[in-house]
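Hi everyone, thanks for coming. Please have a look at the picture on the screen, and I'll walk you through it step by step.

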Amino acid sequence: VQLQASGGGLALPGGSLRLSCAASGIHFSLNTMSWYRQASDDERELIATITSNHSTNYADSVKGRFTISRDNRRRTVYLQMNSLKPEDTAAYYCETESRGRAFWGKGTLVTVSS
């Protein structure tokens, strides 16, 4: 299983970024996909999840600003991040479970600063 996240970078407060995570080695359309983030010295935080039937859930900290979506044909999950705040600065990770264990992509760094 491989998860390749991309799309991080520097954004201004109030700006937007879109993260992507391409998956291989799983039956993508059947998997629940999640985005986590981890700021330095903090625990990894679950921020968004999308199930195989496109049902979504969000952490309160991002609800109304972030949108998770998936493209099964491209085997990719996305995280559209709008109205970014400095406290959104973190490494963002995509995650899924297969064969009874969790798999993580390498993080993509998001920095929100003026």
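Let's begin with a term: a salt bridge is a side-chain nitrogen of Lys or Arg within 4 Å of a carboxyl oxygen of Asp or Glu. How many salt bridges does the structure hold? The structure holds five.

Before we look at them, a word on where the numbers come from. This is a predicted model, in which local features need pLDDT of at least 70 and side-chain atom pairs count only at pLDDT 80 or more, while totals for chains, interfaces and linings use all residues. Residues are numbered from 1 along each chain as its sequence is written, and side-chain values use heavy atoms, with hydrogens and water left out.

Now find Arg37, please. Arg37 forms a salt bridge with Glu45, with 3.0 Å between the closest N and O atoms. Arg37 also forms one with Asp88, where the closest N and O atoms are 2.9 Å apart. Arg37 sits in strand β4 and Asp88 in the loop between β8 and β9, so this pair ties together parts that are 51 residues apart in sequence. Helices (H or I, at least four residues) and strands (E, at least two) are DSSP runs, numbered from the N terminus.

Asp88 is buried, with a relative accessible area of 0%. Arg37 is buried too, at 6%, whereas Glu45 is partly exposed at 29%. Salt bridges that share partners join Arg37, Glu45, Arg65 and Asp88 into one network.

For another salt bridge, look at Lys63 and Asp60, whose side chains meet at 3.2 Å, N to O. Asp60 counts as exposed, because its relative accessibility is 67%.

Next, the strands. We say that two strands pair if DSSP finds at least two bridges between them. β4 and β5 run antiparallel and are joined by five bridges, with Tyr36 standing opposite Leu46 in β5. These two strands form a hairpin with six residues between them, and Asp41 in the turn has a positive phi of about 70°. β5 then goes on to pair with strand β6 (residues 56-58), antiparallel, through three bridges. In that pairing, Ile50 has Thr56 as its bridge partner. The hairpin of β5 and β6 has five residues between the strands, and His54 takes a positive phi near 75°.

There is also an open sheet of four strands, with the order β1-β3-β8-β7 and antiparallel pairing. Ser69 stands opposite Tyr78 in β8, and Phe66 has Met81 as its bridge partner. β7 and β8 form a hairpin with four residues between them, where Arg75 in the turn has a positive phi of about 55°.

That brings us to the core. A nonpolar core is a set of buried Ala, Val, Leu, Ile, Met, Phe, Trp, Tyr and Cys residues joined through side-chain atoms within 4.5 Å. The largest one has 27 residues, and Trp35, Ile47, Phe66, Val77, Leu79, Met81 and Tyr92 touch the most other members. β3 gives the most to this core, with four residues. In soluble globular proteins, nonpolar side chains tend to be buried together.

Contact means heavy atoms within 4.5 Å. Leaving aside neighbours within four places in sequence, the contacts of Met81 include Leu17, Leu19, Phe66, Tyr92 and Val110.

Glu95 lies in strand β9. Glu95 is buried yet has no salt bridge, and the nearest side chain of opposite charge, Arg44, is 8.7 Å away. For charge, Lys and Arg count as positive and Asp and Glu as negative, while His and the chain ends are not counted.

And where is Lys106? Lys106 lies in the loop between β10 (101-104) and β11, and counts as exposed at 71% relative accessibility. Not counting residues up to four places away in sequence, Lys106 touches Leu3, Ala5, Tyr92 and Tyr93.

Conventions: Buried means under 20% relative accessible area, exposed over 50%, partly exposed in between (1.4 Å probe, protein chains only).
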